[in-house]
Amino acid sequence: MIKLLNVTKEFPRTGPALTGVSLHVPKGAFVFLTGHSGSGKTTTLRLIHMSDRPTDGEVRVSGFSSIRTSRREVWKVRRRVGFVFQDFRLLPGRSALDNVAFALEVTGTNKQEIRPRAQRLLSQVGLAVKSGSQIHELSGGEQQRVAIARALASEPLVLLADEPTGNLDERATRGIMDLFWEINAMGMAVLMATHDLELIRTYPGARVLELDQGELVYDSSQKPGSG
Amino acid sequence: MANTFRDAISSLKRSPLLAGLSSLMVGMALFVVGLFSLVTHNLRLGLSSVEERVEVVAYLRDNLRQVDLDAALETLETLPGVEEVRYFSKPEALERAIRDLPEIAEVSTDLEANPFPASLEVRFLPEGRTTETVEAVVAAAETLPAVEDVRYGREWVERLFFLRRIGGFTALILGVAFATVATLIIGTAIRIAVFARREEIYIMRLVGARDGLIWRPFLLEGAVTGLLGGILAILFTWLTHQAVYQLLFELEWIPMSWVWAGLGTGILFGIVASNLAVRRYLKEV
């Protein structure tokens with residue numbers, strides 16, 4: 001479903017962020033993308049989301065190629081790829097329900113369906129009772145749940161998460177990770193960037209990809225005897 | 001379109017203070033242009049009323065033959081830029097002199113003969129009020145057999161036309177300068193409004209909103225901000241006009257075509273500035 005084919009990404013000021021990376025994330029997979037800061041994790045996620053384009057090579061997402069998909073068509077890719085950030089990126093001054101409803105509204109959901117669907121999505125992430133709360137009234141873990149509900153609004157095939165537990169305490173982290181696993185169990189692929197090796201060890205069933213200085217140096221699925 | 005309009009109105013409602021301040025900034029910027037227009041329009045009117053007095057007087061010989069008078073009239077009337085040529089006979093010239101200068105009335109009864117010559121007075125169309133046209137008429141008149149002398153206040157006419165050229169040039173330079181400043185202020189005001197909502201644009205792109213859906217409400221919002229700014233500018237200019245009219249001196253209101261142009265400019269600037277600002281944030285995702 002997601003393929004990176006010999007992808008290189010260079011930035012004019014900082015030089016290469018990824019060099020010749022090839023990887024494949026099939027439907028329904030749960031993948032940790034790990035590595036030190038600056039190893040290329042975020043760049044990889046942005047390339048899959050087509051927020052950036054590779055300098056060389058090709059990114060394929062659910063039938064869309066980074067070479068052939070124009071900027072005007074990129075919205076089609078984004079509806080298949082949900083994105084969750086470390087800092088949540090929610091709209092302040094609005095309720096949890098409004099944040100999710102906003103995503104449904106701007107992706108063309110029928111007006112009558114917006115609020116019931118937003119409410120269902122919040123229920124799915126365990127926040128039904130706090131749907132009317134303003135964003136600043138929610139804890140970090142709750143805010144991340146709202147962000148996940150928003151990412152699920154377009155019913156994507158894959159959920160990208162960039163250090164989603166980086167700002168959370170241990171308990172909230174566990175809650176969010178459980179949620180990701182639940183979402184994955186429903187058939188949605190999850191690709192999570194994290195540098196937290198402790199967290200990765202807690203979920204031995206997941207596939208692990210490691211980047212180092214822009215190169216893919218480890219893929220647990222390539223280990224002898226592993227999936 | 002209805003959705004776009006609804007979105008634009010709802011986003012204006014979400015941040016009424018920002019929308020109001022943006023409109024006010026646009027309004028103040030266009031108000032400066034409005035004041036400038038008011039001054040320029042009235043200066044132009046003043047200058048035009050002076051220019052209407054530009055005329056060439058061809059004094060005619062005594063004992064003039066009718067055929068020469070007819071030829072002179074026909075020649076002068078057909079020259080480019082000429083509005084009308086009026087003939088004043090000798091008795092009419094005396095009558096005007098008595099009317100304009102009462103002391104002549106006292107001595108006129110002692111006169112054995114009327115000393116005032118007949119004349120042809122040439123008036124010009126607005127587009128004919130140029131040094132070149134006036135001089136062409138003077139040159140043509142001087143060659144006519146019926147004409148003895150031609151007067152037109154050369155120095156006065158040249159100064160008047162020089163003043164008009166300087167006025168026009170100054171108005172153009174100042175107008176461009178004011179319009180540029182207004183453009184920058186309007187651009188900044190609307191960019192601030194869009195900047196305040198950059199996170200919304202980011203999230204729209206993030207979740208897969210189509211470009212048009214992101215763009216249209218912002219463009220409409222820019223147009224509404226520009227329109228409100230234009231209305232405020234017209235209101236401020238009108239209030240200033242009324243204050244000057246009531247308290248200081250008579251002042252003509254600017255032509256309605258200028259008012260519509262001001263509103264149109266406000267809307268256009270709003271759309272262009274929004275477009276530029278949104279385009280910038282769209283590139284980030």
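A residue is called buried here if 20 or more other C-beta atoms lie within 10 Å of its own, exposed if 12 or fewer, and partly exposed in between, with C-beta atoms placed from the backbone. This is a predicted model, in which local features need pLDDT of at least 70 and side-chain atom pairs count only at pLDDT 80 or more, while totals for chains, interfaces and linings use all residues. Residues are numbered from 1 along each chain as its sequence is written, and chains are lettered from A and ligands numbered from 1 in the order in which they are written.

**View 1. Helix α4 of chain A and what covers it.**
Let's start with the helix α4(A), whose buried residues are Ala118(A), Leu121(A) and Leu122(A). Helices (H or I, at least four residues) and strands (E, at least two) are DSSP runs, numbered from the N terminus. The cover over those buried residues includes α3 and α5 (140-151) of chain A. End to end, α4(A) has 14 residues and reaches 21 Å from its first C-alpha to its last, close to the 20 Å expected at 1.5 Å a residue; the expected span is 1.5 Å times one less than the number of residues. Just past the end of α4(A) sits Gly126(A), with a positive phi of about 80°.

**View 2. Where α3 meets α4 in chain A.**
Two packed helices are described by the angle between their axes and the distance between the axes. Here α3 (residues 96-106) and α4 (residues 111-124) of chain A pack at an angle of about 120°, with axes 9 Å apart. That makes α3(A) oblique to α4(A). The axes are lines fitted to C-alpha atoms, for helices over the stretch in contact, and angles run from 0 to 180 degrees between N-to-C directions; under 35 degrees counts as roughly parallel, over 145 as roughly antiparallel, 65 to 115 as roughly perpendicular and the rest as oblique. Which residues of α3(A) make the contact? They are Ala96(A), Leu97(A), Val100(A), Ala101(A), Leu104(A) and Glu105(A), and the α4(A) side includes Ile114(A), Ala118(A) and Leu122(A). Two residues are in contact if their C-beta atoms, placed from the backbone, lie within 7 Å.

**View 3. Thr109 in the loop between the two helices.**
Thr109(A) lies in the loop between α3 and α4 of chain A. With 17 C-beta neighbours inside 10 Å, Thr109(A) counts as partly exposed. Leaving out residues up to four places away in sequence, Thr109(A) touches Leu104(A), Ile114(A) and Arg117(A). Its C-alpha is 9.1 Å from that of Ser154(A), 45 residues away along the chain.

**View 4. Leu216 in strand β10 of chain A.**
Is Leu216(A) buried or exposed? Leu216(A), found in strand β10 (residues 215-219), has 23 C-beta neighbours inside 10 Å and so counts as buried. Beyond the neighbours within four places in sequence, Leu216(A) is in contact with Val21(A), Leu23(A), Leu209(A) and Leu211(A). Leu216(A) and Leu18(A) are 198 residues apart in sequence, yet their C-alpha atoms are 8.6 Å apart.

**View 5. Two positive phi values in chain A.**
Most residues other than glycine have a negative phi, and most peptide bonds are trans. Asn6(A), in strand β1 (residues 2-11), has a positive phi near 50°. Asn6(A) is exposed, with 12 other C-beta atoms within 10 Å. Arg89(A) also has a positive phi, near 50°, and is found in the loop between β6 (81-84) and α3 of chain A. With 16 C-beta neighbours inside 10 Å, Arg89(A) counts as partly exposed.

**View 6. Chain B, its helix α8 and the contact with chain A.**
The contact between the chains takes 12 residues from chain B and 15 residues from chain A. On the chain B side, α8 (198-207) and α9 (211-247) each give two or more residues, and α8(B) gives the most, with six. Within chain B, α8(B) packs with α10 (residues 256-282) at an angle of about 55°, with axes 9 Å apart. The residues Arg198(B), Ile201(B), Tyr202(B) and Arg205(B) of α8(B) meet Val278(B), Tyr281(B) and Leu282(B) of α10(B).
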